[in-house]
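Work through the exercises below with the sequence and the 3D view at hand. Try each task before reading its solution.

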Amino acid sequence: MELRRQQVTRYITPLREGGSLPALAEADDGFKYVVKFRGAGHGKKALIAELVGGEIARALGLKVPELVFLDIDEDFGRTEGDEEIQDLLKASRGLNLGLHFLSGALTVDPYVNPVDETLASEIVWLDAFITNVDRTVKNTNMLVWNGETWLIDHGAALYFHHSWRDWEKAAMSPFPYIKDHALIRRATRIEEVDKLLRQRISPRTLDRIVDLIPDEWLEWEGVQETPSQLRDVYERFLTTRLKNSYIFVKEASDARKSLV
């Protein structure tokens, strides 16, 4: 399991609807990417969540744009006229993350573009598993492209890592925020898909996904642990959560029933 690594060659335009100011850019392979910058918002931890959340979704069989490591060198962006963007690019020199740009994709509106109940249940299961707080009606982070539902923007997942305390307690959380999920009303089969999804992903798969996190994203101020030790916490968090999925499945099921 590995991601391609490309060089960003052209900054096209900021995507200002995102709080972390992602951008559309072109890389040296000729493709366009939505770039998530290490110098924005929650920085490296948002990139870790994007990488881990996106690749878990892919391993579960859900549609996610290809994720690619993107390098930004020190000369990139010097001609950018917007000072805010120039500062962002300077702070993001090194390794960033890109999602393959789905040209012509439309944002999913759960009222206009109803999602199949099985797929809705799988997406709710995923977000409860990775503790993703950012797939609400106001911001679905889902696209319709070529008639299929694609998932984007998992940077708000794994929010336990922002405090980095009591990861064992966080791993056993029922995740009450699931009640605000954009698809919670459609997740009528979450108990059924729980067994199916746990068969699709194993602790070994989770380990391989976490192993994709670059060392330079695991160099945090005020933290003594090595990148290897930090990866171990992520792996243990996810493995514990997978083994105890009944906790967040019950929470999601109860939340849906309370809304019906």
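The model is predicted, so local features need pLDDT of at least 70 and side-chain atom pairs count only at pLDDT 80 or more, while totals for chains, interfaces and linings use all residues. Residues are numbered from 1 along each chain as its sequence is written, and side-chain values use heavy atoms, with hydrogens and water left out.

**Exercise 1. The barrel**

Task: Find the order in which the five strands of the closed barrel run.

Solution. Step 1: Strands are DSSP runs of E with at least two residues, helices are runs of H or I with at least four, and both are numbered from the N terminus. Two strands pair if DSSP finds at least two bridges between them.

Step 1: Strand 1 (residues 5-14) and strand 2 are antiparallel and joined by five bridges; Tyr 11 stands opposite Ala 25. Strand 2 also pairs with strand 3 (residues 32-36), in the antiparallel sense, over four bridges, and here Ala 23 has Val 35 as its bridge partner.

Step 2: Strand 4 (residues 67-72) runs antiparallel to strand 5 (residues 94-100), with six bridges between them. Val 68 faces Gly 98 in this pair, standing opposite it.

Step 3: The order of the closed barrel is 1-2-3-5-4, and the pairing is mixed. On average, neighbouring strands of this sheet are turned by 55° against each other, direction ignored. Such angles are taken between axes, lines fitted to C-alpha atoms (for helices over the stretch in contact), and run from 0 to 180 degrees between N-to-C directions.

**Exercise 2. The faces of strand 2**

Task: Which residues of strand 2 lie on one side, and which on the other?

Solution. Step 1: In a regular strand, side chains alternate between the two faces of the sheet.

Step 1: Ala 23, Ala 25 and Ala 27 are on one side of strand 2, and Leu 24 and Glu 26 are on the other.

Step 2: Five of the five residues of strand 2 (residues 23-27) are buried. Buried means under 20% relative accessible area, exposed over 50%, and partly exposed in between (1.4 Å probe, protein chains only).

**Exercise 3. Positive phi**

Task: Where in the chain are Trp 164 and Phe 175, and are they buried or exposed?

Solution. Step 1: Most residues other than glycine have a negative phi.

Step 1: Trp 164 has a positive phi near 55°. Trp 164 belongs to the loop between strand 8 and helix 4 (167-171) and is buried at a relative accessible area of 19%.

Step 2: Phe 175 has a positive phi of about 60°. Phe 175 sits in the loop between helix 4 and helix 5 (190-200) and is buried, with 1% relative accessibility.

**Exercise 4. A buried asparagine**

Task: Which backbone oxygen does the side chain of Asn 141 reach?

Solution. Step 1: Asn 141 is in the loop between helix 3 (117-129) and strand 7 (142-145). Its relative accessible area is 7%, so Asn 141 is buried.

Step 1: The side chain of Asn 141 reaches the backbone oxygen of Asp 134 at 2.6 Å.

Step 2: Contact means heavy atoms within 4.5 Å. Leaving aside residues up to four places away in sequence, Asn 141 touches several residues, among them Arg 135, Trp 150 and Ile 152.

**Exercise 5. Charged side chains**

Task: What is the nearest side chain of opposite charge to Glu 235, and which residue forms a salt bridge with Arg 231?

Solution. Step 1: A salt bridge is a side-chain nitrogen of Lys or Arg within 4 Å of a carboxyl oxygen of Asp or Glu. Lys and Arg count as positive, Asp and Glu as negative; His and the chain ends are not counted.

Step 1: Glu 235, in helix 7 (residues 227-243), is buried yet has no salt bridge, and the nearest side chain of opposite charge is Arg 231, 6.5 Å away.

Step 2: Arg 231 forms a salt bridge with Asp 215, with the closest N and O atoms 2.3 Å apart. Arg 231 lies in helix 7 and Asp 215 in the loop between helix 6 and helix 7, so the pair ties together parts 16 residues apart in sequence.

Step 3: Arg 231 is buried at 12% relative accessible area, whereas Asp 215 is partly exposed at 43%.

How values were computed
Polar contact = N/O pair within 3.5 Å; in protein donor to acceptor, adjacent residues only side chain to side chain.
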